[in-house]
There are 2 protein chains.
Amino acid sequence: MLNLHYLQKSNIGVDQGLEWDTELKAYAQKLEDAAKALVARKDLESEYLGWMDLPYDTETLEGVRQVAAQFEHFTDLIVLGIGGSSLGGITILSALQHPYHNLKSDRDGLRVHFVDNVDGDVISGLLEVLDPKTTVVNVISKSGTTTETMSAYLACKVWLEAALGAEFTGRIVATTDPKKGILRPLAEKVGYPTLSVPPSVGGRFSVFTAVGLLPAVLGKIDVEGLLRGAARAQDEFLEPAAKNPHLQAALALHLYGLRGKNMVVFMPYSSRLRFLADWFAQLWAESLGKAVDKNGSEVHSGTTPVKTLGTTDQHSQVQLYREGPNDKLFIFVKVQNTGKNTPIPNAEPDQPDMNYLEGKTFGTLMNAELAATANALADAQKPSFMWTLERVDGENLGYLMQSLMLQTAVVGELLGINAFDQPGVELGKVLTYALMGRPGYEKLAAELEAAGVKA
Amino acid sequence: MLNLHYLQKSNIGVDQGLEWDTELKAYAQKLEDAAKALVARKDLESEYLGWMDLPYDTETLEGVRQVAAQFEHFTDLIVLGIGGSSLGGITILSALQHPYHNLKSDRDGLRVHFVDNVDGDVISGLLEVLDPKTTVVNVISKSGTTTETMSAYLACKVWLEAALGAEFTGRIVATTDPKKGILRPLAEKVGYPTLSVPPSVGGRFSVFTAVGLLPAVLGKIDVEGLLRGAARAQDEFLEPAAKNPHLQAALALHLYGLRGKNMVVFMPYSSRLRFLADWFAQLWAESLGKAVDKNGSEVHSGTTPVKTLGTTDQHSQVQLYREGPNDKLFIFVKVQNTGKNTPIPNAEPDQPDMNYLEGKTFGTLMNAELAATANALADAQKPSFMWTLERVDGENLGYLMQSLMLQTAVVGELLGINAFDQPGVELGKVLTYALMGRPGYEKLAAELEAAGVKA
């Protein structure tokens, strides 16, 4: 549920004259047209809009379940992927597994470890603590040329082969493009089980493909619920703007960006949703941070996502948010019911600083802090809006994730940019090749050396 | 080591005329005066500058070791603290323990779990997986009135008492003010072991007090090295600006803030330093985000810290950083030697997309990616500077943490603000009390109800 109370409270008459109801009416047609345009293009592979069909794709889930079935009795899954190949899985598992799943003795579901960096200490440290006989590795790269992922793959391959000999080939699942790239033929030649990422789905929109679903299935979380929630958001996408939360949120994000709030602070009030902020940050930054628009005009678009966590960051960031420059729009996520509704015990009945908590739950305290912060920020004319989830479960998480993808796509339409490419990371890749001495990059390597740049 | 290469490369002639050598000369006196003024005030308790003495304080460490000695054979430590009471410990332990310490079977040092939120699922989940017979709880609050921390304390107290009866009092260590507040008398009455936070040290500057040292000692990390490194930074603080890395970094941070870069992106290239970004974010935001300066004039100061991680966030944020608005200053942290110098095996010799990595280490790849990113950003006129640590160990981490505190304090001086208070979080606290029905806040509660604000 979308709640615009604090947005309206903060901005009436104070924030550069932005009056919500008027703006929504003025933009309604444009928003609805953007939604229609996106849906109309979704069957063109080159538009990278295939993610709008994923909530209804039971076939992919069936394929994932078949591959997963061989590993259900294993203890650990290592996921090798970076950016869009890891953040979705991290978000889902940290939200829906037991918060200390990996330390539990009676676990249902594998421990899932995401290797999303090229830190040698972390990679070798992980292989040191796991048993190769009960570990499955999932290497995720559409192209197979993602250096970070493939270097970790090399380390894992050697580790598995040393322990298992020829049998290791059954322990690496390759999630990659169905036809293109180098990982597909490599996997087929060696005999790795494979899963596909549809060509029409980019990395940061791939959470409901095999990329996110294999870790989710092996982690034993409610995958059907995730897809059902995502479908509910997708089903609402063509509703009129006046009653469409996805379009309204997109409008708020767009308008405040235009009015100079160059940051979007994503602040869930739930430790389980901590990594949803990371996932949103990638989705938002990589989709909307663009040098040129679709006509090739320089725009340098994109507001910067800032990931935070309530209540934790009240004791870290809220001082700045309240008293510092008015340069941010805040997105809060509230959870109506926490899983266990754990009560706060009245264990110090004589302490007035604690005994007033008697009979309350931690969830009530969390939500009181959220209301207090949202209110204090609105008082300081800092705009925010709030998503409320009934609880943190598959359905609610799937709904919000699909909604955030829809919102991002709509803002891309309003900005007139391509929200589905990432041209700005190319130079970094090429420079890395040159610095690592890859054949074919000698000229650039010499230039870098002359300029004093080295690894 | 501070490296300004990319700062100079990005800004010569392009960034609003900021020319580094000229600026440094112009500001040298002001910077040195700021350092002297801070040192001159450090013995006044009300100035909250006691953290400048901590690197030399062996007595505190001795006291911490004495308390810790009783628990060295335990399995787990739960730290109850939020903001400055947890971020320092989290940073130190994630940097210096084995990256998968908590999953290792042959651990040296306790597993340390930080409870820094009021999420009931997380608190009850943690107590579910730990054994109260071998767990020690450290409750950290200067005042004893931090609701988040004290509510978690109530849950832990009940849990320990249920398992241990009267013996539980030996299992809760209270880290608090030596005289003031409600936690000190409560602890002394019940008989909890206690440790002190000096009154002249604020939460976000408290990492080298018992707040950070008890988890560090029980986690068996090199605490002497930490303090030695911190002392090295402190020793350099009064050096002339021309050869003083702390003052130079402070100047870069200050100048770009003045010139409209309203974000500081902190981007270590090391998974071990991931949480250093979180710790810095609190230090920076809470110290410098202020509504008024020391004269009471409205300033709304403070640039926003953005926490990121290399290389991971190259596949998440760098698209925006390179192509989006030029509104950020970047701080990179490079690690010269990773712990094990893990080699990348040449396990796919026929793949040109992988075999060029032969003979390289993950550390080399990490640093090639860092150089590539810094260079690509400088090419796009995005300014950055870089700290290089020889390795991630106690001494290097201690050095950088003390330096970051010094830099923050100097920027506070240049801005003319009080970097050591946090008035902006007060309203949120009071609103929370009202929403939780605390006696004495009935009037505010009624106002909130009338305005439709509820938990």
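**Note on a predicted two-chain model**

1. F280(A) lies in helix α11 of chain A. Leaving out residues up to four places away in sequence, F280(A) touches F266(A), P305(A) and L404(A). A further pairing is F280(A) with M405(A): 125 residues separate the two in sequence, while their C-alpha atoms are 8.5 Å apart.

2. P345(A) can be read next. This proline sits in the loop between β9 (328–335) and α13 of chain A. Within chain A, P345(A) and H315(A) are 30 residues apart along the chain, and their C-alpha atoms are separated by 23 Å.

3. The contact between the two chains takes 108 residues from chain A and 108 residues from chain B. On the side of chain A that touches chain B, at least two residues each are supplied by α5 (120–129), α6 (147–164), α11 (274–288), β8 (304–307), α12 (318–323), α13 (362–379) and α15 (426–435). The largest share, 13 residues, comes from α13(A). By class, this side of chain A holds 45 nonpolar, 44 polar and 19 charged residues.

4. Helix α6 of chain B covers residues 147–164. Its 18 residues reach 25 Å from the first C-alpha to the last, close to the 26 Å expected at 1.5 Å a residue. Is this helix largely enclosed by the rest of the structure, or largely open? Of the 18 residues of α6(B), 13 are buried, so the helix is largely enclosed by the rest of the structure. Just after α6(B) comes G165(B), which takes a positive phi of about 65°.

5. In helix α15 of chain B (residues 426–435), the buried residues are G428(B), L431(B), T432(B), Y433(B), A434(B) and L435(B). What do the buried residues of α15(B) pack against? They pack against elements of both chains: α12 and α13 of chain A, together with α6 and α16 (442–450) of chain B. After α15(B) comes G437(B), with a positive phi near 75°.

6. Helix α14 of chain B (residues 394–415) packs with helix α10 of chain B (residues 245–258) at an angle of about 50°, the axes being 9 Å apart. That angle makes α10(B) oblique to α14(B), and the crossing of the pair is right-handed. From α10(B), the residues in contact are H246(B), L247(B), A249(B), A250(B), L253(B) and H254(B); from α14(B) they are S403(B), L406(B), Q407(B), V410(B), V411(B) and L414(B). This contact has eight nonpolar, four polar and no charged residues.

7. α14(B) also packs with helix α2 of chain B (residues 20–41), at an angle of about 110° and with the axes 9 Å apart. That makes α2(B) roughly perpendicular to α14(B). Here K30(B), L31(B), A34(B), A35(B), A37(B) and L38(B) in α2(B) meet A409(B), V410(B), E413(B) and L414(B) in α14(B). The residues of this contact divide into eight nonpolar, no polar and two charged. V410(B) and L414(B) take part in the contact with α10(B) and in the contact with α2(B).

8. A further helix pair in chain B is α4 (residues 87–96) with α11 (residues 274–288); their axes come within 8 Å and cross at roughly 160°. An angle over 145 degrees counts as roughly antiparallel, and α4(B) and α11(B) are therefore roughly antiparallel to each other. The crossing is left-handed. α4(B) contributes L87(B), G88(B), I90(B), T91(B), S94(B) and A95(B), and α11(B) contributes R274(B), F275(B), L276(B), D278(B), W279(B) and Q282(B). By class, the contact of α4(B) with α11(B) has six nonpolar, four polar and two charged residues.

Note on methods: Residues are numbered from 1 along each chain as its sequence is written. Chains are lettered from A and ligands numbered from 1 in the order in which they are written. This is a predicted model: local features need pLDDT of at least 70, side-chain atom pairs count only at pLDDT 80 or more; totals for chains, interfaces and linings use all residues. Axes are lines fitted to C-alpha atoms, for helices over the stretch in contact, and angles run from 0 to 180 degrees between N-to-C directions. Helices (H or I, at least four residues) and strands (E, at least two) are DSSP runs, numbered from the N terminus. Angles under 35 degrees count as roughly parallel, over 145 as roughly antiparallel, 65 to 115 as roughly perpendicular and the rest as oblique. A crossing is left-handed if the near helix is turned anticlockwise from the far one by less than a right angle, and right-handed if clockwise. Two residues are in contact if their C-beta atoms, placed from the backbone, lie within 7 Å. Ala, Val, Leu, Ile, Met, Phe, Trp, Tyr, Cys and Pro count as nonpolar, Asp, Glu, Lys and Arg as charged, and the others, Gly among them, as polar. The expected span of a helix is 1.5 Å times one less than its number of residues. A residue is buried if 20 or more other C-beta atoms lie within 10 Å of its own, exposed if 12 or fewer, and partly exposed in between; C-beta atoms are placed from the backbone.
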